Amino acid sequence: MRRTAIILVILAVVIGGSLVLYRYTSQAKEPPAPDYETITAEKGNLISTVSATGSIEPEDEVALLFRGASRVAEVLVKEGDQVAVDQVLARLDTTDISLAMAQAETNLAISQAQLEKLKTPSADVDITAAQAAVTSAEAAADSARSALASAQASYNDLVNGPSADELQAAQATLERARIVRDQAQSAYDQVANQPNVGMLPQSAQLQQATVDYETAAANYRITTAKPKASQLAAARAQIAQAEASVAQSEASLANAQSSLDRLQRGPAEQDLAISEAQVRQSELAIAQSRLNESNSELVSPISGVATSVNIGIGELPPAGQPAVVITDLSRFHLDILVDEIDIAKLSEGQPVSITLDALPDAVIGGHIDRISPTPVSSTGITSYKVTVVVDETNAALRSGLSATASITTDELRDIVLLPNRAIQIDRSSGRALVEKIVNGVPTTTEVQLGSRNEQYSQILSGVEAGDELAIRSGGGLDQLRSTMFGGG
Amino acid sequence: MEETSPVQRSLLSLLIGIIDRPRSTFAQLLAFPRWKWVMPAILVLLATVILLVVSAQLLAEQAAQQQAVAFSRIQGQLESMTEAQREQVRQQMSMFSTPLAVAAAEFARRAVGMFVGWAIGTLIIYFGLVIGGLEIGFGALFSAYTWTSLPFVVRDLVDAAYVAISGTLRVNPGLSYFLSTGDTLSDARNPLWVASGQIDLFFLWHVILVYALIRAARPKGGAVGLTLVYTLVYLALRLLPALLAARLSFG
């Protein structure tokens, strides 16, 4: 009995405790809140629009830059000034350019004169003078050649010594002088004993004969003696001098002959070509200087307002930045990017309603001016640039104002609508998907889309009015919205 | 003080003895192990059938819901198919969420799991005892070990009663309630949730029976340590499916 009680107690504790625990753990815990928002598909009216945002831009705007690198000499506008077409806005210092121009003009005059000179025929008097110069040079050359021959002969005489005839003549002269002296000596010997021998003519004759003999002997020795080194050197020097004279005179002759030939033949073609090229070079230098001069002026190509002036007197023009920006503020346009899904609904000339963030009460009219034929792709999204021209308005438009362009494309009534954020577009297949709640579970379901505006889409099939759908927060669906409706 | 009986006891006596005299009952089972595992096997399978009969419809609804979620999650992979192909996939998936299919699959899983679990549990204890120097037959130990599963038979019967009375399935078994997020799918992939779900009064009872079995096999020393090792390994093995599910999960 006691054992039975123990067993029952054990079973009661285990089973009873478990049942209590079951009851507690199965009812107390609430499931976590779903990570999605639930909406119900409803019927309603849909005004289909294509909307995109952009910023108001002036119809025309030019950024002007100096092409020269000089310092700014004059600034003729300030920001906000009205500017007319072709109005000079600023000038650079042109001192260097003026100097370069003067230099180029001088070079042109010189090269033109040289060309003219080349082209002028030679005068007869010049040819005659040249011929005379040639004749004179020939004579000088002949004279030099003669002098060279004479010097060469003198040198040869010096080296070779006296000829046989000259030697025989010298010996004969010496022998005659010796005979005369011997005769005078014999006559003197006959009167040598007389006391007044010195006064006698025999003495004077002997003295004369002795002197003549000595002179003849000296001449003979001179004639037969070998030439000295100094004499040879002097003779060679004379030859060298004569050769130099010959070379110089022949060069002068060639020069004179060349001048004569040139005068008689006229200028060479190469000389004319070089001279003409120099003229053209000088003309180009002048053209370049004139271009530099024109580039030193900043001229407005449009009329408008100077919206930016980035230069000051004495400064160098800023690199990579416009010196002056001219903006035409009389007309504005708006560039928007429209998704490829919507682009087929738009056409040029279609009216556009424009609202501005800065002017929330103003609704400005406009029309589609251009639709770019080529797409713009960014992060896998294909869009087209649409240019909307803003109609004339009294609104205080400014460049850069954020604007939203809305284009009505369709209007439908009593149709099934879903918020765009509930729809996901698979761009690879083009299918539209929603998460329909089936048996309490969000289930991905394909839907067929009709028209839509920036908030709602028409559902043709896949979802009926009253169906519940899940919209998950964050990421994908928010991205869907932007990809579906483009631009902004 | 329990005493081992040299006389073979009846099955009913053993069943009752497991509750109030587990050590002597296990000694009896170790002494007379022949075909003794049949009784626990029949009881376990019977309890399983009862539980599945009661809860098959609810399990089928749960499976259908999970399949709907799974189908939603693989929608991206199915987008390349035609609508007819997707419907075919949907029908094939729904075939496995009928009550009969769910009950049959669960019964097969439990039946296989029962024998595998018994083999593993016996191995843990067997090697523990052999390492401790005890010579014991594996078959005898296996027969005795199967009787430690009787608390789970009771659990299945209690579960069946709960389902029949409340009309709902148990959401958070054991202590898993305290780790539950309320999202059954994410809870099922949480290993800690799975581990804590194993720990309840029936599991504690089972551990006590394992301790009694070890003490019956080796009366002196080491039973607490081996029981602790067994418990840790048991829980670790139970965690494996959850770990695999968490690793393979696409969620």
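Visitor: In chain A, what share of the contacts with a separation of 6 or more comes from residues 24 or more positions apart?

Guide: This is a predicted model. In chain A, residues 24 or more positions apart account for 77% of the contacts with a separation of 6 or more. For chain B the corresponding share is 72%.

Visitor: In what order do the strands of the three-stranded open sheet of chain A lie?

Guide: The order is 3-5-6, with antiparallel pairing. Strand 3 (72-75) and strand 6 (297-299) of chain A are the edge strands, each pairing on one side only. From one strand to the next the twist averages 20°. Strand 5 (residues 88-92) of chain A pairs with strand 6 of chain A over three bridges, and A:A90 stands opposite A:L298 in strand 6.

Visitor: Where is A:D86 placed, and what is its phi?

Guide: Most residues other than glycine have a negative phi, and most peptide bonds are trans. A:D86 has a positive phi, near 65°, and is placed in the loop between strand 4 (82-83) and strand 5 of chain A. A:D86 counts as exposed because it has 10 C-beta neighbours inside 10 Å, the limit for that class being 12 or fewer.

Visitor: How is a nonpolar core to be read, and which residues have the most contacts inside the largest one?

Guide: In soluble globular proteins, nonpolar side chains tend to be buried together. The largest nonpolar core in this model has 47 residues, and B:F26, B:I125, B:A144, B:L213 and B:I214 have the most contacts inside it. Helix 11 (residues 201-217) of chain B gives the most to this core, with eleven residues. A second, separate core has 21 residues, including A:V50, A:I368, A:Y384 and A:A403.

Visitor: Which residues does B:A144 contact, leaving aside neighbours within four places in sequence?

Guide: B:A144 is in contact with B:F26, B:L29, B:L30, B:P33 and B:L213.

Visitor: How may the length and burial of a helix be examined, taking helix 11 of chain B as the case?

Guide: An α-helix has 3.6 residues a turn, so residues three or four places apart point the same way. Helix 11 of chain B has 17 residues, which at 1.5 Å a residue should span 24 Å; its end C-alpha atoms are 24 Å apart, so the two values agree. Of its 17 residues, 13 are buried, and the helix is mostly covered.

Visitor: What span does helix 6 of chain B reach, and which of its residues are buried?

Guide: Helix 6 (residues 99-131) of chain B has 33 residues and reaches 47 Å from its first C-alpha to its last, close to the 48 Å expected. Among its buried residues are B:W118, B:G121, B:T122, B:I124, B:I125, B:G128 and B:L129.

Visitor: How many residues of each chain take part in contacts between chain A and chain B?

Guide: There are 26 residues of chain A in contact with 26 residues of chain B. On the chain A side, helix 1 (2-27), strand 14 (431-438) and strand 15 (441-452) each give two or more residues. Helix 1 of chain A gives the most, with 13 residues. The residues on this side of chain A divide into 13 nonpolar, eight polar and five charged.

Technical notes. Residues numbered from 1 in each chain as written. Chains lettered and ligands numbered in written order. Predicted model: local features only at pLDDT ≥ 70, side-chain atom pairs only at ≥ 80, totals over all residues. Core = buried A, V, L, I, M, F, W, Y, C linked by C-beta atoms within 7 Å. Buried ≥ 20, exposed ≤ 12 C-beta atoms within 10 Å, placed from the backbone. Helix = DSSP H or I, 4+ residues; strand = E, 2+ residues; numbered from the N terminus. Contact = placed C-beta atoms within 7 Å. Expected span 1.5 Å × (residues − 1). Pairing = 2+ DSSP bridges. Axes fitted to C-alpha atoms, helices over the stretch in contact; angles between N-to-C directions. Nonpolar A, V, L, I, M, F, W, Y, C, P; charged D, E, K, R; others polar.
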